[in-house]
Amino acid sequence: MWLLFLLVACAAAALSCAQLCRGAVAVARATGPAPVPAPAPVPDPDAADGSAAGLTLYEMAYLSGGPHRLADVVLVLMAQQRRLLLAHTGWATVVDPVGLDPVERATLSAIGPDGQRRIPAIREALVADEAVRAVGDRLVAAGLALPAAARGLRNAVRQVQGATVLALLCAAAAYATAPAGEDRGQLLIWFTLPLILTLGTLAVARFELHPYSDWATGAGEERLPGRPGFTAFSPSSPAPVAPLASLMTLALHGPRALTDPTLRAALHSSGA
């Protein structure tokens, strides 16, 4: 019976570690050969898209949380400018049907001619829109974002961690169900094999791949605020106004970082 538990533990360890290794190889291929271009000139922070240090708000949002984060940023941006109304119940209503950039126009198209739609539906429509994909494609081409084949690293790490827990549970079950007279100490030694595999893989991943990201490459992480080499705004430009600062916080940390309770409820009540 204990052999069955051992086979389950070994299979889970081997499959999860193989998936993590494939993800690591994909990340290496995506980030290794392509040189990262020089940073673009620092744009004016008073621009409509709130750009800073060569990254727009949309690009910061994509690198931090992917297209769903970008969708949240454009919704809150338009709400702060009184062009959308975001209700705490998770509905978005158009106030001013004029988009200032392709992503805003895509947002208005996602809401539809009725001028009102649930935020989850708007978010999913934006994720699939060409304007949002263009932001991601531009970042991938610049070596700042991971291509689709290299994403899912966090999930792969969680699967290896789960396989580690499963190996421990299988070892405990095998120990408890071992027949009388069985050398239980020798039995437990066999379970060190899947544990060595999973713990060793996690240690290497922690050393080589941490911080784990599903969106930004190492170069992309360095271009985000809080990393060396990031300059928040051009010294010759005035300091950003409060709404722009809150949008940057949303782009980097997600809806939980919003201080406006209505906006936070609107995004969270819709499953953000």
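pLDDT is the predictor's confidence in each residue, on a scale from 0 to 100. The model described here is predicted. Its chain averages a pLDDT of 79. A score of at least 70 is reached by 78% of the residues. In the chain, confidence is highest in helix α3, residues 102–111, at a mean of 93. Confidence is lowest in helix α10, residues 242–253, at 77. Two stretches call for separate mention. Over residues 34–53 the pLDDT is below 50. Beyond near neighbours in sequence, this stretch has 40 contacts in the model. Residues 228–242 also stay under 50. For residues 228–242 the model has 21 contacts beyond four places in sequence.

The interior was examined next. In soluble globular proteins, nonpolar side chains tend to be buried together. The largest nonpolar core here has 43 residues. Those with the most contacts inside this core are Leu63, Leu70, Val76, Leu86, Val103 and Leu139. Two or more residues each come from α2 (57–80), β1 (84–86), α3, α4 (119–127), α5 (130–141), α10 and α11 (261–268). Helix α2 gives the most, with 15 residues. Val103 illustrates the packing. A second, separate core has twelve residues, including Trp2, Ala9, Ala171 and Leu195.

Ala92 lies in strand β2, residues 91–94. The relative accessible area of Ala92 is 0%, under the 20% cut-off, so this residue counts as buried. Ala79 is 13 residues from Ala92 along the chain. The C-alpha atoms of Ala79 and Ala92 are separated by 9.0 Å.

The surface was considered last. Met1, Leu4, Val8 and Leu166 make a nonpolar patch of about 360 Å². Leu166 belongs to helix α6, residues 153–177. Leu166 has a relative accessible area of 30% and is therefore partly exposed. Ala92, by contrast, is buried.

Terms used:
Residues are numbered from 1 along each chain as its sequence is written. This is a predicted model: local features need pLDDT of at least 70, side-chain atom pairs count only at pLDDT 80 or more; totals for chains, interfaces and linings use all residues. Side-chain values use heavy atoms; hydrogens and water are left out. Patches are made of residues with over 30% relative accessible area and no salt bridge: like charges are joined within 9 Å, nonpolar side chains (Val, Leu, Ile, Met, Phe, Trp, Tyr) within 5 Å. Accessible areas come from the Shrake-Rupley method with a 1.4 Å probe; for residues, only the protein chains shown count as cover. A salt bridge is a side-chain nitrogen of Lys or Arg within 4 Å of a carboxyl oxygen of Asp or Glu. Helices (H or I, at least four residues) and strands (E, at least two) are DSSP runs, numbered from the N terminus. Buried means under 20% relative accessible area, exposed over 50%, partly exposed in between (1.4 Å probe, protein chains only). Contact means heavy atoms within 4.5 Å. A nonpolar core is a set of buried Ala, Val, Leu, Ile, Met, Phe, Trp, Tyr and Cys residues joined through side-chain atoms within 4.5 Å.
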